[in-house]
Amino acid sequence: RAEDAMRPHPVSGLVGREGAYGRWLRRFFVERMGLEVVGRDPAAAASLSESELIERADVLIFSAPIRQTAALIREYVRIADGRERGKLWLDVTSIKSAPVAAMLESQAEVAGLHPMTAPPKSPTLKGRVMVVCEARLHRWRDWLQSALLALEAECVHSDPERHDRVMALVQAMVHASHLAQAAVLRDYAAELGELDALMPFRSASFEMDTAIIARILSLNPAI
C-alpha cells in the first residue's frame, strides 16, 4: 500500500464524516478534487470499521469532537499497528498540540490543520484563513500543497505550540470578552430591557458587538 499512497487520486478517509466539517470535507474532496471518500461516524449506520478505514484510506482525516480527538487518534494508532506507514494523517481541530502529538505516535506522515471558520456554504475556503502545522511530511508534501491550493484558503504555517498560544488570544480571549458582555446585558435586562429595547440607542460598535455575541451564543457550547 505504500506504493499506492502516491497515486494521483488517493482515497480520502474521514473520521467523523457526519459532523459539520466532515460533511463539508466530503463534498470538497468529491466535487473539487475528484477523490473517492470513505468514512466512519457513530451517526452513520453504514460506516466502515476502524480497521477497514485504516486499510482503505490513503489520506485519513480526523474531524471529531475536540475533547475526543487525541484519544481517538491514539486508538487508531493502536489498531493500525504499522499499516499506516506510507500514508498521510491529518486532523481538523481548533487546537493542535495534542492531536498532532497523537498522530506522530503513528508511522504515517502528519500535518495538523485548523480552518479559522465554521464550515462555509461556499465550496472552498476562499477568503478564509487555514493554519497549517507540518509535523512530518516527506512524500506527501506536494500532494498536501495541491489540496491546500484547491481549498483556496489563506494558509498560515505554524508549529502546534505557537498555534495554541495564539489561539488563546485570537479565539479564547475574543469569546470570553463577548460572553462577559452578554452576561452584563443579561444582568441589566430587568432594569433597562432586553436587547430589542436597547437597539434603538445603538452605536455602530454596539451593533457589531451584539451581532458577534448572538453568533457566539448560537454555537455549540461544547466547542
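How are α1 and α5 oriented to each other: roughly parallel or roughly perpendicular? I took this as the opening entry and then worked through the rest of the model.

**Basis.** I worked from a predicted model, in which local features need pLDDT of at least 70, side-chain atom pairs count only at pLDDT 80 or more, and totals for chains, interfaces and linings use all residues. Residues are numbered from 1 along each chain as its sequence is written, and side-chain values use heavy atoms, with hydrogens and water left out.

**Entry 1: α1 against α5.** I found that the axes of α1 and α5 come within 11 Å and cross at roughly 105°. Axes here are lines fitted to C-alpha atoms, for helices over the stretch in contact, with angles from 0 to 180 degrees between N-to-C directions. The two helices, α1 and α5, are therefore roughly perpendicular to each other; the class spans 65 to 115 degrees, while angles under 35 count as roughly parallel, over 145 as roughly antiparallel and the rest as oblique. I listed W24, F28 and F29 of α1 and W143, A147, A150 and L151 of α5 as the residues that make the contact (heavy atoms within 4.5 Å). By class, the residues of the contact of α1 with α5 are seven nonpolar, no polar and no charged. Nonpolar covers Ala, Val, Leu, Ile, Met, Phe, Trp, Tyr, Cys and Pro; charged covers Asp, Glu, Lys and Arg; the others, Gly among them, are polar.

**Entry 2: overall layout.** I recorded eight helices and seven strands for the protein. Helices (H or I, at least four residues) and strands (E, at least two) are DSSP runs, numbered from the N terminus. The C-alpha atoms fill a box of roughly 70 × 35 × 30 Å along the principal axes. Of the 223 residues, 39% count as buried, where buried means under 20% relative accessible area, exposed over 50% and partly exposed in between (1.4 Å probe, protein chains only). Of the contacts with a separation of 6 or more, 66% are between residues 24 or more positions apart.

**Entry 3: the sheet.** I traced an open sheet of seven strands in the order β2-β1-β3-β4-β5-β6-β7, with mixed pairing; two strands pair if DSSP finds at least two bridges between them. Its edge strands are β2 (37-40) and β7 (154-157), each pairing on one side only. From one strand to the next, the twist averages 25°. I noted that β3 and β4 pair in the parallel sense over four bridges. Opposite D91 in β4 stands F62, and opposite W89 in β4 stands L60. Both faces of β4 are covered: L88, L90 and V92 on one side and W89 and D91 on the other are all buried. Helix α1 lies across β1 (12-15), β2, β3, β4 and β5, running at about 175° to β1.

**Entry 4: the cores.** Which residues touch the most other members of the largest nonpolar core? Among its 26 residues, I found these to be L25, F29, I61, L90 and W143. A nonpolar core is a set of buried Ala, Val, Leu, Ile, Met, Phe, Trp, Tyr and Cys residues joined through side-chain atoms within 4.5 Å. Two or more residues each come from α1 (20-32), β3 (59-62), β4 (88-92), β5 (109-115), β6 (129-136) and α5 (141-151). Leaving out residues up to four places away in sequence, I61 touches S12, G13, L14, V15, L25, F29, L90 and V92. Apart from this core lies another, of 20 residues, among them I54, A70, V77 and A102.

**Entry 5: α6 against α8.** I found that α6 (residues 160-192) and α8 (residues 204-218) pack at an angle of about 100°, their axes 9 Å apart. That makes α6 roughly perpendicular to α8. Residues that make the contact include H175, H178 and L179 of α6 and F206, D209 and T210 of α8. The residues of the contact of α6 with α8 divide into eight nonpolar, four polar and one charged.

**Entry 6: positive phi.** I checked two residues other than glycine. Phi of D81 is near 50°, a positive value; D81 lies in the loop between α3 (66-80) and β4. At 68% relative accessibility, D81 counts as exposed. Phi of E152 is near 65°, also positive, and E152 sits in the loop between α5 and β7. With a relative accessible area of 35%, E152 is partly exposed.
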